[in-house]
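Me: I have a structure open here and would like to talk it through with you. Could you take my questions one at a time?

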Amino acid sequence: GHAPGRKLTSPRFNIFGDTDDALHMLEFLRSLPDMISAETPLFLVGNSTGSALCFNIIRRLGNSSPFRCALGICPGYEVSLGEQSCTKRSLRLYEIAFLAGAKDFFCRRNRAVLEAFDVAAYKACMDARSFDEFLQAHATFAGYPSAEDYVLAENPVRDWNQVDTL
């Protein structure tokens, strides 16, 4: 879904990155003969909203992580429904750009597959007037029954004590 010109083949996207998707990509790369040996040092980098994905991958893998180091650059941090959420702290100009980009990139170009799955969720995403509203509306497409369940699972700063740091 993130490749230029490619559309979603299933009604699933996560604006902060899909951990399952990333782990499938890692598994695929590791399955290629002579691509990545067991001794190859692996590093994980997440920039901006991608830092949430980086932290969530490390949290999910725990001690079985194959990554020697993970780095979150300019992390958005708090993803919640509260006022402290990164979705409520950006400058309005950035929010307008992020919201328009999310609607175009994820929704408009994938309208058919998303509407076929959930017309109401698609409409809520397209009707969102803020990035925070979009985050809440897209929870269904990220695989969660509610926005509350989404932020509970996806907030990268939850349970910091479970993530080992240097």
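Me: Is R158 buried, exposed or something in between, and where does R158 sit?
Reply: This is a predicted model, and in it R158 counts as partly exposed because its relative accessible area is 24%. R158 lies in the segment that follows α7.

Me: Which residues does R158 touch, if I ignore its close neighbours in sequence?
Reply: With the neighbours within four places in sequence left aside, R158 is in contact with N56, R59, L152 and A153. One of these, N56, is 102 residues away from R158 along the chain, and the C-alpha atoms of the two are separated by 9.7 Å.

Me: How many residues of α2 are buried, and which ones?
Reply: Helix α2 is mostly covered, with 10 of its 12 residues buried. The buried residues are S51, A52, L53, C54, F55, N56, I57, I58, R59 and L61, where buried stands for a relative accessible area under 20%.

Me: Take α1 then; at what angle do α1 and α2 pack?
Reply: Helix α1, residues 19-31, packs with α2 at an angle of about 70 degrees, and the two axes are 10 Å apart. Since angles of 65 to 115 degrees count as roughly perpendicular, α1 is therefore roughly perpendicular to α2.

Me: Which residues make that contact, and what kind are they?
Reply: On the α1 side the contact is made by T19, D20, A22 and L23, while α2 brings L53, N56, I57, R60 and L61.

Me: Moving on to the strands, what can you tell me about L42?
Reply: L42 is found in strand β1, and it counts as buried because its relative accessibility is 12%, with the cut-off for buried being under 20%. Leaving aside neighbours within four places in sequence, L42 is in contact with L26, R30, I36, P66, F67, R68 and C69.

Me: How far is L42 from C69?
Reply: L42 and C69 are 27 residues apart in sequence, and their C-alpha atoms are 7.4 Å apart in space.

Me: One more loop: is S130 buried or exposed, and what does it contact?
Reply: S130, in the loop between α5 (119-127) and α6 (131-137), counts as buried at 15% relative accessibility. Apart from neighbours within four places in sequence, S130 is in contact with E95 and L99.

Me: Stepping back, how is the chain put together overall?
Reply: The protein chain has 7 helices and 2 strands, and along the sequence they follow the pattern α-β-α-β-α-α-α-α-α. Of the contacts with a separation of 6 or more, 65% come from residues 24 or more positions apart.

Me: And how much of the chain is buried, and what does the surface come to?
Reply: Buried residues make up 39% of the 166 residues in the protein chain. Its accessible surface comes to about 9900 Å², and 57% of that belongs to carbon and sulfur atoms.

Note on methods
Residues are numbered from 1 along each chain as its sequence is written. This is a predicted model: local features need pLDDT of at least 70, side-chain atom pairs count only at pLDDT 80 or more; totals for chains, interfaces and linings use all residues. Side-chain values use heavy atoms; hydrogens and water are left out. Axes are lines fitted to C-alpha atoms, for helices over the stretch in contact, and angles run from 0 to 180 degrees between N-to-C directions. Helices (H or I, at least four residues) and strands (E, at least two) are DSSP runs, numbered from the N terminus. Angles under 35 degrees count as roughly parallel, over 145 as roughly antiparallel, 65 to 115 as roughly perpendicular and the rest as oblique. Contact means heavy atoms within 4.5 Å. Buried means under 20% relative accessible area, exposed over 50%, partly exposed in between (1.4 Å probe, protein chains only). Accessible areas come from the Shrake-Rupley method with a 1.4 Å probe; for residues, only the protein chains shown count as cover.
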